[in-house]
Amino acid sequence: MTPRAVDDAALDNTGLTRALRAVAEDEARVETPPRVEAALMTRWDEYNDERRRRKRAARTRTLVRGAATMAAGVVLFGAVMLERELTPVRVDLPLRPTMPSDTADLVLPSTVLDSAPPVQRAIDSRPREPRSTVVLVGGPMASGELVQVVRMRVDRSALNALGITQNGSGETVEVDVLVGEDGVARGLRLPL
Amino acid sequence: MRHESAAADEALMQRTAQGDRDAFAAIYRRHHALVFRFARLMIGSTEAAEDVVQEVFLGVMRSAARYDPSRSTLTTYLYGAARHQVRRRLLRDRLFVSLDDSAPDLCSASTFAVSADELSRQRDLRDLRRAILALPPRYREIVVLCDLQDLSYADAAQAVGCAVGTVRSRLHRARQLLTQKMQRARACALTPARPTVRCEV
């Protein structure tokens, strides 16, 4: 349909409709310049590159956070397990000067792991039925001092060299070493 | 046919949301013309219309994932976005006064006038374009959508965000205003220009 001009006669509604159609047809020939599409596609590339980069960074952050959380969990678990193994025990001894050669019969709590949470317990030093011998060595043990019990397997000859005799037949003896807060051994517990 | 087109648009929008460059390019090629023409007819400037097209499709690029086909077709969505950009532009341009006294960019597609009839036709079209641009925006957009872009009243109502009855009444009023403006323009053209007289004291 060829565009038609507005009649010079009275511009009624039909005439206006025709004129509007002519404008519409005239306008239909106008095209968007190609530079608009080129500019848009450039913006698309920039936008998506940025979006991809941000996604990658977010994924890396998530991975790092997950790994850090897992490492913290492992460390915490290990610390809890170690804490259970090395339960500090409080030894209440009578206030008197101690000598390295002193010996005392003590009943110490077992160091075997159990399911109950670690509790600091006072050792009842009152003589009961003796099951082991404690040889006091090193510096004097203060009353109420926290000690740790470390179980070691020691050659019998080494014990003999220290002047400690122990009845038994094996080459090695399992002893519990009482280690003070300063890391110095305070005593040895020997099985009878 | 229309449903097929809408389904294709929906699929393209989904792919665009997933970062498919070709889908975005396809959406642009399918719809750039209607946005460009709408903006050009509303603002009367080709450069401003190009800016509007860019802004509208940048919006599509950023918010393709949020497009909900159950609310409107992509065409209506684009008209709505274009209308928003045009209104912003008109509001901003209202703060400035052009130093150029010539007519706005009402360039016709064909500039080769070959006959008196063609010249007359072009003059009439220019007058009508001016009259359309002189309409208040709420009337102008309805004329552009319904009379120049051939949108149905329902689609125009959805694009503009009003009732169909409002579209009808605005269109009626807009046509009245256009008729008056055209008659006035014609009367001015028929009146001979007054000669300039130098006054000597």
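Helix 3 and helix 4 of chain B make a right-handed crossing. Handedness has a simple rule: a crossing is left-handed if the near helix is turned anticlockwise from the far one by less than a right angle, and right-handed if clockwise. The model is predicted, so local features need pLDDT of at least 70 and side-chain atom pairs count only at pLDDT 80 or more, while totals for chains, interfaces and linings use all residues. Residues are numbered from 1 along each chain as its sequence is written, with chains lettered from A and ligands numbered from 1 in the order in which they are written.

Helices (H or I, at least four residues) and strands (E, at least two) are DSSP runs, numbered from the N terminus.

**The crossing**

Two packed helices are described by the angle between their axes and the distance between the axes. Here the axes of helix 3 and helix 4 (residues 74–93) of chain B come within 9 Å and cross at roughly 130 degrees. Axes are lines fitted to C-alpha atoms, for helices over the stretch in contact, and angles run from 0 to 180 degrees between N-to-C directions. Helix 3 and helix 4 of chain B are therefore oblique to each other. The scale is: under 35 degrees roughly parallel, over 145 roughly antiparallel, 65 to 115 roughly perpendicular, and the rest oblique.

Which residues of helix 3 of chain B meet helix 4 of chain B? They are Ala48(B), Val52(B), Glu55(B), Val56(B) and Gly59(B). Their partners in helix 4 of chain B include Ala82(B) and Arg89(B). Contact means C-beta atoms, placed from the backbone, within 7 Å. By class, this meeting has seven nonpolar, two polar and two charged residues. Ala, Val, Leu, Ile, Met, Phe, Trp, Tyr, Cys and Pro count as nonpolar, Asp, Glu, Lys and Arg as charged, and the others, Gly among them, as polar.

**The cores**

A nonpolar core is a set of buried Ala, Val, Leu, Ile, Met, Phe, Trp, Tyr and Cys residues joined through C-beta atoms within 7 Å. A residue is buried if 20 or more other C-beta atoms lie within 10 Å of its own, exposed if 12 or fewer, and partly exposed in between.

The largest nonpolar core has 53 residues. Val52(B) and Ala82(B) are among those with the most contacts inside it. Helix 2 of chain B gives this core its largest share, ten residues. Apart from this core lies another of seven residues, including Val135(A) and Leu188(A).

Helix 7 (residues 153–160) of chain B is largely enclosed by the rest of the structure, because six of its eight residues are buried. Ala156(B) is one of the buried residues. Gly161(B) follows helix 7 of chain B, with a positive phi near 85 degrees.

**Where the chains touch**

The contact takes 32 residues from chain B and 27 residues from chain A. Helix 2 of chain B gives the most to its side, with ten residues. That side has 16 nonpolar, seven polar and nine charged residues.

Chain A has three helices and seven strands. Of its 192 residues, 14% count as buried. Thr133(A) sits in strand 4 (residues 132–136) of chain A. Asp150(B) lies in the loop between helix 6 and helix 7 of chain B. Asp150(B) is not a glycine, yet has a positive phi of about 60 degrees.

| Residue | C-beta neighbours inside 10 Å | Class |
|---|---|---|
| Thr133(A) | 18 neighbours | partly exposed |
| Asp150(B) | 12 neighbours | exposed |

Methods: Contact = placed C-beta atoms within 7 Å.
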